[in-house]
Amino acid sequence: MERRKFIKQVGGASTLALAGGLTLPAFTTQKQRHLTILHTNDTHSHIEPFKPTHYRNASKGGVAKRATLVQQIRKENPNTLLLDAGDIFQGTPYFNYFGGALEFQLMSKLQYDVATLGNHDFDNGIEGFYKQLPHAQFDFVSANYDFKNTVLDSHVKPYKIIHKNGIKVGIFGLGIQLEGLVDHRLYKETTYLDPIEITKDITQELKTKHHCDLIICLSHLGYHYKNNPNKISDLMLAKATQNIDLIIGGHTHTFLKKPTIVKNAAGKNTLINQVGAYGINLGRIDFYFDEVDELTTESATILV
Amino acid sequence: MKTQLTKVILFICGWISFVSCKNSTQQLSKIVGKNIAIDSAMVANTAIDSMIAPYKTQLDREMQQILTYTPVTLQKKTDQQQSNLGNLMADLTYQMAQPIFQNKTKQTIDFALFNSGGIRALISKGNVTKEHAFKLMPFENQLVVVQLSGKKTEELIHYFIQGKKAHPLSKQIKLTIHNDQSYELSIRGQKFDPNKNYLVLTSDYLQHGGDGMDFFKNPIALTKIDLKVRDAIIQYFKKTDTLKARIDHRITLD
């Protein structure tokens, strides 16, 4: 359909060109762009692989193995982003002894691009997180934590826009309600804002003001709460909003076999993915874009 | 003439490409998603391994110390709203905190309550190392004793019954829960008295209302034990040759 329109518009010129014995380069083939999103969540200081004797996760995970996999995929497609949905801290003595410094250093070495904060990232207090920030050569985003009256003010932005291979990607973060989950003495004056309201505003801004081609939400809200279905979750967020293409989730340690496809408020597809915990899996979503003159309402083919 | 025509064509082509570039946009046409397991077949990146090495050496020396032994796997598996690991945690913290509390206040702790979510790992049968203690209790939570009114203690019991979770309760509790949620309760061998105050051992995290345990907020009195939950576990493991933990009759579902 796009191609038909294209031919109609330039019909005169192509006739001329053919008469002159010339062919039209580039015009006849649509350029396709490929962007790969890799992601983790709830790695919980699991730097080493599980021991071979572990009852459930024997020999699984490990940052050094993750690095090999990420490197392979980057070689295959240099236009790759690496993201994390929070709870980087807490879970092994690496965190108790070194405070999260090694976690951030390794993520920097793996060239993570953006992460959001999980509740456990407050475990050494907001100051404990702030102290490790110099080790992080990647950005943290959170749209619904207001850090105005804390040391993190201006260090965590609501969203980040990344230009990759001509694709404009808007990435924003969402965090879980901290009250009752994290000691107030740890998160201090961090204010929690309603995720759905914030998402409506932010995605509108990313879409209409910044013209993002792709909108990704890094969420630590949790996939779904079976026993508490009214609690805000990724499934609920996807249904209640529009404009999000992909939600990368965390918190509930949900091992999805494959990404979930949900119809959003506008009837369009939103993808939700979560890879359990402890760096046992790496999520991979490949997006293919066609260059067109005008966007159509046609939805993308999803293969999961 | 032909050169001129070519020029014109090239100009037109250039103009079209300029216009179409300006107006072109990215249409998402295809998405492929999958989750990839990181398993033993994957080779570790040596540069990353050498970054980890100095930290690992230091930790291994600490963590591989064998502290005690367990003949059974200690876990969160629930029976009669109890778990063997939860019972062990509640009983050992009570045992470690009571002499300190006695020294400070000349009083006896009535019982201990923690949250099931606070048990972060199981301990497989065999040798128990310091690493197990860290995985079981990674948080830096401190032990505290909270003095609760009889009314708040009732709220605590309601929270336990309604939550239907095996929150660790120490063996000073004898609680029978009937089908209709009515219950019989005795504490340290005495029938529960709603007009009496009770001394409850817990963590500072829960005392601040963690896991919705609001009955711990604003207590009549609060005593800090000055001992981390994890340190209590490590000290107990060190002085115990073989761990004994099982489901017993502290909770009975009728």
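Which residue of β1(B) is the bridge partner of A:Y288? In β1(B), that partner is B:K30, where strands, like helices, are DSSP runs numbered from the N terminus (E over at least two residues for strands, H or I over at least four for helices). The model is predicted, with local features requiring pLDDT of at least 70 and side-chain atom pairs counted only at pLDDT 80 or more, while totals for chains, interfaces and linings use all residues. Residues are numbered from 1 along each chain as its sequence is written, and chains are lettered from A and ligands numbered from 1 in the order in which they are written.

An open sheet of 7 strands with mixed pairing runs in the order β4(A)-β3(A)-β2(A)-β1(A)-β13(A)-β1(B)-β14(A), two strands being paired if DSSP finds at least two bridges between them. Because β4 (139–140) and β14 (301–303) of chain A stand at the edges with a single partner strand each, one side of each is left without a neighbour in the sheet. The pairings made by β1(B) are set out below.

| Strand of chain A | Partner | Sense | Bridges |
|---|---|---|---|
| β13(A), residues 281–292 | β1(B) | antiparallel | 12 bridges |
| β14(A) | β1(B) | parallel | 3 bridges |

Within β1(B), B:I31 is the residue that A:I302 stands opposite.

**The contact between the chains**

The contact takes 70 residues from chain A and 47 residues from chain B, residues being in contact if their C-beta atoms, placed from the backbone, lie within 7 Å. On the side of chain B that touches chain A, the elements giving two or more residues are α1 (2–23), β1 (25–37), α2 (46–63) and α4 (130–136) of chain B, and β1(B) gives the most, with 13 residues.

**Cores and a covered helix**

The largest nonpolar core has 80 residues, and those with the most contacts inside it include A:I37, A:L83 and A:I171; such a core is a set of buried Ala, Val, Leu, Ile, Met, Phe, Trp, Tyr and Cys residues joined through C-beta atoms within 7 Å. A residue is buried if 20 or more other C-beta atoms lie within 10 Å of its own, exposed if 12 or fewer, and partly exposed in between, with C-beta atoms placed from the backbone. Strand β9 (residues 214–219) of chain A supplies the largest share of this core, 5 residues. Apart from this core lies another, of 53 residues, among them B:M89, B:V128, B:M213 and B:I233.

In helix α4 (residues 101–109) of chain A, the buried residues are A:L102, A:E103, A:F104, A:L106 and A:M107, and what covers the buried residues of α4(A) includes α2 (63–76), α3 (93–98) and α5 (125–132) of chain A together with α2 of chain B.

Technical notes
Contact = placed C-beta atoms within 7 Å.
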